[in-house]
Amino acid sequence: LGPPHSAPPCLLDKTFILRPLIIMEERDDRLAWLEAKVVSSLKKNQTDLFKKMLAKEDSRTSISEFLDMSDVRHLYVFFAISGADSMVASLTPPTSITKKLLYFIKRSACEITLDNVGSEIISGDIAKASLKPRLPLCSVVYN
């Protein structure tokens with residue numbers, strides 16, 4: 001990412017340092033990278049959804065464990081079933097997708113640093129609409 005003035009608005013003031021219940025003054029550029037990936041995959045620039053997700057302790061804990069613990073290799077970000085305006089970060093995939101699922105996978109068991117965040121994490125997204133036509137095929141193949 002570029003200089004601090006080009007960072008997403010929610011990262012310019014105070015940022016969660018990705019340790020549950022701790023707020024620090026300094027930016028965590030790994031979090032900025034993750035935010036850029038999530039926000040860019042949404043139809044509209046919805047930085048506020050990411051900010052609201054970070055306000056939830058469970059989501060912060062999942063993100064922290066994914067970035068800081070080498071044995072945690074998957075992170076899922078998805079819209080909560082309870083509301084379309086609410087996103088959740090989890091270490092386990094959801095049982096169903098309401099709109100879109102974003103996934104982040106580590107290439108190897110390692111702690112994510114600013115130096116390796118772009119090369120160690122594979123990311124992508126799956127929209128609910130793209131899964132619907134595949135359901136009949138999967139039910140034939142796996143039944």
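Ile105 has its place in strand β5, where helices (H or I, at least four residues) and strands (E, at least two) are DSSP runs numbered from the N terminus. The model is a predicted one, in which local features need pLDDT of at least 70 and side-chain atom pairs count only at pLDDT 80 or more, whereas totals for chains, interfaces and linings use all residues. Residues are numbered from 1 along each chain as its sequence is written, and side-chain values use heavy atoms, with hydrogens and water left out.

With a relative accessible area of 29%, Ile105 is partly exposed; on this scale buried means under 20% relative accessible area, exposed over 50%, and partly exposed in between (1.4 Å probe, protein chains only). Leaving aside residues up to four places away in sequence, Ile105 touches Phe66, Arg73, His74, Glu120, Ile121 and Ile122, contact meaning heavy atoms within 4.5 Å. Ile105 and Leu75 are 30 residues apart in sequence, and their C-alpha atoms are 6.6 Å apart in space.

## The sheet

An open sheet is formed by 4 strands in the order β4-β3-β5-β6, with antiparallel pairing; two strands pair if DSSP finds at least two bridges between them. The edge strands, each pairing on one side only, are β4 (87-90) and β6 (121-127). From one strand to the next the twist averages 15°.

Strand β5 (residues 100-106) is joined to β6 by 7 bridges, the two running antiparallel, and in this pairing Leu102 stands opposite Asp125 in β6. The antiparallel pairing of β3 and β5 extends over 5 bridges, and the bridge partner of Leu75 in β5 is Phe104. Between β3 and β4, which also run antiparallel, there are 4 bridges, with Ser90 in β4 as the bridge partner of Tyr76.

## Helices across the sheet

Helix α2 (residues 47-54) lies across β3 (74-79) and β4, running at about 55° to β4, while helix α3 (residues 57-68) lies across β3, β4, β5 and β6 and runs at about 40° to β4. For these angles, axes are lines fitted to C-alpha atoms, for helices over the stretch in contact, and angles run from 0 to 180 degrees between N-to-C directions. Strand β3 is mostly covered, since 5 of its 6 residues are buried.

The 12 residues of α3 should span 16 Å at 1.5 Å a residue, and the end C-alpha atoms of this helix are 16 Å apart, which agrees; the expected span is 1.5 Å times one less than the number of residues. The buried residues of α3 are Ser59, Arg60, Ser62, Ile63, Ser64, Phe66, Leu67 and Asp68.

## A network of salt bridges

Side chains of opposite charge can pair when their charged atoms come close. The count comes to 2 salt bridges, a salt bridge being a side-chain nitrogen of Lys or Arg within 4 Å of a carboxyl oxygen of Asp or Glu. Asp28, Arg30 and Asp68 are linked in a network of such bridges: the side chains of Arg30 and Asp28 meet at 3.1 Å, N to O, and those of Arg30 and Asp68 meet at 2.9 Å, N to O. Because Arg30 lies in helix α1 (residues 29-41) and Asp68 in helix α3, the latter pair ties together parts that are 38 residues apart in sequence.
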